[in-house]
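Here is my note on the model, as numbered points. Please have the structure open while you read.

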Amino acid sequence: MDVTVSSWLVIALGILGANLPFLNEKLFAAVPLKKAAPAEQGWRKPLALRLLEMVILYFIVGAVAFALEARIGNAFPQTWEFYAITGCLFLVLAFPGFVARYLRKRR
């Protein structure tokens, strides 16, 4: 795999992983959490569970990025600054999903 393709793959996975918790009501878009009662519209994931899911997806995307980097050549050791910056970037990438879930008016 080319360096450019793997870079774009990591960026696309980052955008998808950051927005996935806000785009659906299932855990990791696959596991239904609770069946809704007939009178209810449906069960909604709490924000804390969405944030926990986002942290787990951050580490999954990071593992894929590390594997791609190791496949291309030397995987460089990272310090805490790298993880602080990429964590903040992951939060910024999650902004569209957060806005769509919590800030957009429902009609």
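**Notes on the fold, core and salt bridges**

1. Start with the contacts. Among contacts in the protein chain with a separation of 6 or more, 74% are between residues 24 or more positions apart. Contact here means heavy atoms within 4.5 Å.

2. A word on the basis. This is a predicted model, in which local features need pLDDT of at least 70 and side-chain atom pairs count only at pLDDT 80 or more, while totals for chains, interfaces and linings use all residues. Residues are numbered from 1 along each chain as its sequence is written, and side-chain values use heavy atoms, with hydrogens and water left out.

3. Secondary structure is simple to list. The protein chain has four helices and zero strands. From the N terminus on, the order is α-α-α-α. Helices (H or I, at least four residues) and strands (E, at least two) are DSSP runs, numbered from the N terminus.

4. Now the overall dimensions. The radius of gyration of the protein chain is 17 Å, whereas a compact globule of 107 residues would have one near 13 Å. That radius is taken over C-alpha atoms, and the globule rule is 2.2 Å times the number of residues to the power 0.38. Along the principal axes, the C-alpha atoms fill a box of roughly 55 × 25 × 25 Å.

5. Next, surface and burial. The accessible surface of the protein chain is about 7,900 Å², and 72% of that belongs to carbon and sulfur atoms. Areas come from the Shrake-Rupley method with a 1.4 Å probe; for residues, only the protein chains shown count as cover. Of the 107 residues, 20% count as buried. Buried means under 20% relative accessible area, exposed over 50%, and partly exposed in between (1.4 Å probe, protein chains only).

6. Which residues make up the largest nonpolar core? There are nine: A18, L20, F22, M54, L57, Y58, V61, F90 and A94. α2 gives the most, with four residues. A nonpolar core is a set of buried Ala, Val, Leu, Ile, Met, Phe, Trp, Tyr and Cys residues joined through side-chain atoms within 4.5 Å. In soluble globular proteins, nonpolar side chains tend to be buried together.

7. Leaving aside residues up to four places away in sequence, Y58 touches Y83, T86, G87 and F90. G87 sits in helix α3 (residues 80–93). G87 is partly exposed, with 23% relative accessibility.

8. How many salt bridges does a search of the whole structure find? The search finds three. A salt bridge is a side-chain nitrogen of Lys or Arg within 4 Å of a carboxyl oxygen of Asp or Glu.

9. Take the R50 pair. R50 forms a salt bridge with E25, with the closest N and O atoms 2.9 Å apart. R50 lies in helix α2 and E25 in the loop between α1 and α2, so the pair ties together parts that are 25 residues apart in sequence. R50 is buried, at 0% relative accessible area. E25 is partly exposed, at 24%.

10. E25 has another partner. The side chains of R101 and E25 meet in a salt bridge (2.9 Å, N to O). Because R101 lies in helix α4 (residues 95–103) and E25 in the loop between α1 and α2, this pair ties together parts that are 76 residues apart in sequence. R101 is buried, with a relative accessible area of 15%. Salt bridges that share partners join E25, R50 and R101 into one network.

11. Not counting residues up to four places away in sequence, R101 touches F22, L23, N24, E25, R44, R50 and R106.

12. E53 forms a salt bridge with K45, and the closest N and O atoms are 2.6 Å apart. Both E53 and K45 are buried.

13. Last, check the surface patch. F28, L52, I56, I60 and V64 form a nonpolar patch with about 380 Å² of accessible area together. Patches are made of residues with over 30% relative accessible area and no salt bridge: like charges are joined within 9 Å, nonpolar side chains (Val, Leu, Ile, Met, Phe, Trp, Tyr) within 5 Å. F28 lies in the loop between α1 (3–23) and α2 (47–72). F28 is partly exposed, with a relative accessible area of 31%.
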